[in-house]
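Please study the sequence and the structure before working through each solution.

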Amino acid sequence: MKEAKYLVKTHPKWLEIEKSTPNKPAVVLSQKIGLSRNIKKYPFLDTSTNLEKEAIYSDVSAAVKKSNIYTEERIVEMNLLTSSNMVEMLLFEKDIIPVQVMSCDWTRGVFADMTDVLPTILVNMKNHLNIVSFCDKGKEESTLAKLNEIDNILGEELLYAYDSRLGFLTAKPEECGSGLFMETIVHIPGLVLTEEIGETLNGLSVMGARAEGLFNEKFDAWGAFFKIILGNGLDEKEIVEKTKEIQNALIVAETKARKRLFKEAKLVMEDKIYRSFAMMKYARIMPLSQLFNFLSILRLGSEYKAFPASLRMLNVIFERGFTANLILSLGNPDTSPGDIDEERAKMYRSLLKDIEV
């Protein structure tokens with residue numbers, strides 16, 4: 001089954017960086033570029049009925065298949081209204097769908113390329129459709145060109161909501177215009193530990209970006225993993241350039257904060273690192289939020305050679321602790337949240353039992 005194969009082979013892009021040093025820290029972990037579009041004949045999602053959402057999905061599905069964006073062998077279609085909760089959870093944990101659409105009672109879905117060469121099309125998430133692609137640094141322009149190519153193809157089948165003065169119309173008026181948005185996942189524990197994060201987030205707001213926790217957008221970011229989002233009506237070139245500016249500023253600020261911590265409070269940082277490892281190795285209960293906090297500190301320890309584990313290894317054991325992966329390994333989809341936390345701790349006791357530091 002293509003859906004299962006796709007989910008098994010796809011891993012979070014923000015866990016792909018395998019090397020980090022004090023002079024080249026892993027701050028920007030991944031970036032994603034997307035285009036938001038709405039179909040003119042339907043209301044925006046917040047005012048459309050479930051029947052209208054079903055019709056939107058049907059129209060987009062027909063356009064995708066008629067245009068042959070994906071070959072029959074490579075297309076993966078996942079209708080989340082009829083898929084299992086596990087599929088939805090896996091898509092969220094792999095950073096493919098946003099948390100806001102999980103467990104909703106309307107038709108929404110994902111069209112993806114089995115080989116991950118082509119962009120992904122999301123239907124009925126925040127707008128009627130989003131055309132999205134992960135993007136390596138330095139390849140923004142070529143990625144955007146591919147997005148625009150698919151956008152033009154779909155636009156021949158779907159009449160988009162467009163105004164000659166405002167541009168493409170989106171659910172949020174302030175985002176009308178090009179419809180382009182960029183999401184950057186960053187790891188900035190240095191700014192959190194030095195208590196500079198409040199000033200940093202205010203600065204991002206002034207620059208037109210917003211920040212949210214990676215797995216918990218309504219609360220403080222677990223482990224200082226943030227998602228930075230920019231897309232407020234600027235044209236495409238301005239959004240790309242502004243995102244680069246924000247990324248570079250965060251890299252500079254975070255690098256300085258990390259170096260200061262290990263220079264002025266080295267013993268305190270080493271204590272945090274070894275306490276985090278001890279908790280992972282011996283804990284009996286481990287909520288997901290704690291896993292993020294522990295791995296955040298161990299990543300710093302690996303970077304400064306204060307902890308004998310590679311970033312590659314930490315990435316692997318990090319992903320294994322995600323809730324969907326854990327439930328699949330247990331083979332019981334009805335596992336309660338309390339049992340999941342207990343099983344997560346048990347798994348890490350087994351994984352780390354022979355590691356001495």
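A residue is buried under 20% relative accessible area, exposed over 50% and partly exposed in between (1.4 Å probe, protein chains only). Helices (H or I, at least four residues) and strands (E, at least two) are DSSP runs, numbered from the N terminus. This is a predicted model, in which local features need pLDDT of at least 70, side-chain atom pairs count only at pLDDT 80 or more, and totals for chains, interfaces and linings use all residues. Residues are numbered from 1 along each chain as its sequence is written, and side-chain values use heavy atoms, with hydrogens and water left out.

**Exercise 1.** Determine which residues of α4 are buried and what they pack against.

*Solution.* Step 1: the buried residues are Glu140, Thr143, Leu144, Leu147, Ile150, Asp151 and Leu154. Step 2: seen down the axis of α4, these fall within an arc of 125 degrees (taken from the directions from the helix axis to the C-beta atoms), so they line one face of the helix. Step 3: their packing partners, by contact (heavy atoms within 4.5 Å), are β1, α2, β4, β5, β8 and α7.

**Exercise 2.** State the strand order of the open sheet and identify its edges.

*Solution.* Step 1: the 8 strands follow the order β2-β3-β4-β5-β1-β8-β10-β9, with antiparallel pairing; two strands pair if DSSP finds at least two bridges between them. Step 2: β2 (75-79) and β9 (209-213) each have a single partner strand, so one side of each lacks a neighbour in the sheet. Step 3: β9 pairs with β10 over 5 bridges in the antiparallel sense, and Ala211 has Ile228 of β10 as its bridge partner.
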